[in-house]
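Please read them with the structure open.

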Amino acid sequence: MEKPLLEIYQILQKLTGLHRQLLDTVRLEREVLVQANIKGIEETTHAKQALIEAIHQTEQERVKRVTHLSILWKKPLRELTLPKIIIEIQGRDLPAADQLRSIHNTLTLLTQRIAEQNDDNRGLVERSLAHVHQMKKNVLGEAEPKASTYTQRG
């Protein structure tokens, strides 16, 4: 594998590791949300933010390397997506193309799972907030009675 591609591959490996950590963190987030563990929620929130920042920084490094590759290959940057890089090199370096394809598939799967878990966590929080809002109405006496038999006083 030529050096620029090797550097991109190494960055993609780092991104994969960061995404795995992020997936573990959003799964843990679900657990602490269910437990209503305030300290755990704070910790997972901070961990998520740190991982997302690390992912953004690593992604910027990947873009720099791909920009360098676009100069070497004399191709526009927008044409050097990972699938197009794989197609470009598979004729001359099949093992490298297979490695890149594998890591691309892994990253795609990880991002899908992270998005699904985040959606699930968001739904849990939204349902919890709706219950809390209803409880607040009950405590403040703003809820509409479901039966005319009982009043706030009994």
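**Notes on core, packing and loops**

1. Core. The largest nonpolar core holds 27 residues. Those with the most contacts inside it are Leu5, Leu12, Leu69, Trp73, Ile85, Ile89 and Leu100. The most comes from α1, with 10 residues. Keep in mind that this is a predicted model.

2. Isoleucine 89. This residue is among those with the most contacts inside the core. What does isoleucine 89 contact, leaving aside its neighbours within four places in sequence? The list is Leu5, Trp73, Leu94, Ala96, Ala97 and Leu100. Of these, Leu5, Trp73 and Leu100 are also named among the core residues with the most contacts.

3. α1 against α2. The two axes come within 9 Å and cross at roughly 160 degrees. An angle over 145 degrees counts as roughly antiparallel, so α1 is roughly antiparallel to α2. The crossing of α1 and α2 is left-handed. By class, the residues of this contact are 22 nonpolar, seven polar and eight charged.

4. α1 against α4. Here the helices pack at an angle of about 20 degrees, and their axes are 9 Å apart. The cut-off for roughly parallel is under 35 degrees, and α1 and α4 are therefore roughly parallel to each other. α1 passes α4 in a left-handed crossing. The contact of α1 with α4 has 16 nonpolar residues, nine polar and seven charged.

5. α3 against α4. The axes of this pair come within 8 Å, crossing at roughly 160 degrees. α3 and α4 are therefore roughly antiparallel to each other. Their crossing is left-handed. From α3, the contact takes Leu82, Pro83, Ile85, Ile86 and Ile89. From α4, it takes Leu94, Ala96, Ala97, Leu100, Arg101 and His104. By class, that is nine nonpolar residues, one polar and one charged.

6. Glutamine 90. The loop between α3 and α4 holds this residue. Is glutamine 90 exposed or partly exposed? Its relative accessibility is 32%, so glutamine 90 counts as partly exposed. Beyond its neighbours within four places in sequence, glutamine 90 is in contact with Ala97 and Arg101. Ala97 and Arg101 also belong to the α4 side of the contact with α3. Glutamate 79 is 11 residues from glutamine 90 in sequence, and the C-alpha to C-alpha separation is 16 Å.

7. Alanine 36. Check the backbone here. Alanine 36 has a positive phi of about 55 degrees, although it is not a glycine. The residue sits in the loop between α1 and α2. Is alanine 36 buried or exposed? Its relative accessible area is 54%, and the threshold for exposed is over 50%, so alanine 36 is exposed.

8. Lysine 74. Where does lysine 74 lie? Its place is in the loop between α2 and α3. Lysine 74 has a positive phi of about 55 degrees, again without being a glycine. With a relative accessible area of 76%, lysine 74 is exposed.

Note on methods. Residues are numbered from 1 along each chain as its sequence is written. This is a predicted model: local features need pLDDT of at least 70, side-chain atom pairs count only at pLDDT 80 or more; totals for chains, interfaces and linings use all residues. Side-chain values use heavy atoms; hydrogens and water are left out. A nonpolar core is a set of buried Ala, Val, Leu, Ile, Met, Phe, Trp, Tyr and Cys residues joined through side-chain atoms within 4.5 Å. Buried means under 20% relative accessible area, exposed over 50%, partly exposed in between (1.4 Å probe, protein chains only). Helices (H or I, at least four residues) and strands (E, at least two) are DSSP runs, numbered from the N terminus. Contact means heavy atoms within 4.5 Å. Axes are lines fitted to C-alpha atoms, for helices over the stretch in contact, and angles run from 0 to 180 degrees between N-to-C directions. Angles under 35 degrees count as roughly parallel, over 145 as roughly antiparallel, 65 to 115 as roughly perpendicular and the rest as oblique. A crossing is left-handed if the near helix is turned anticlockwise from the far one by less than a right angle, and right-handed if clockwise. Ala, Val, Leu, Ile, Met, Phe, Trp, Tyr, Cys and Pro count as nonpolar, Asp, Glu, Lys and Arg as charged, and the others, Gly among them, as polar.
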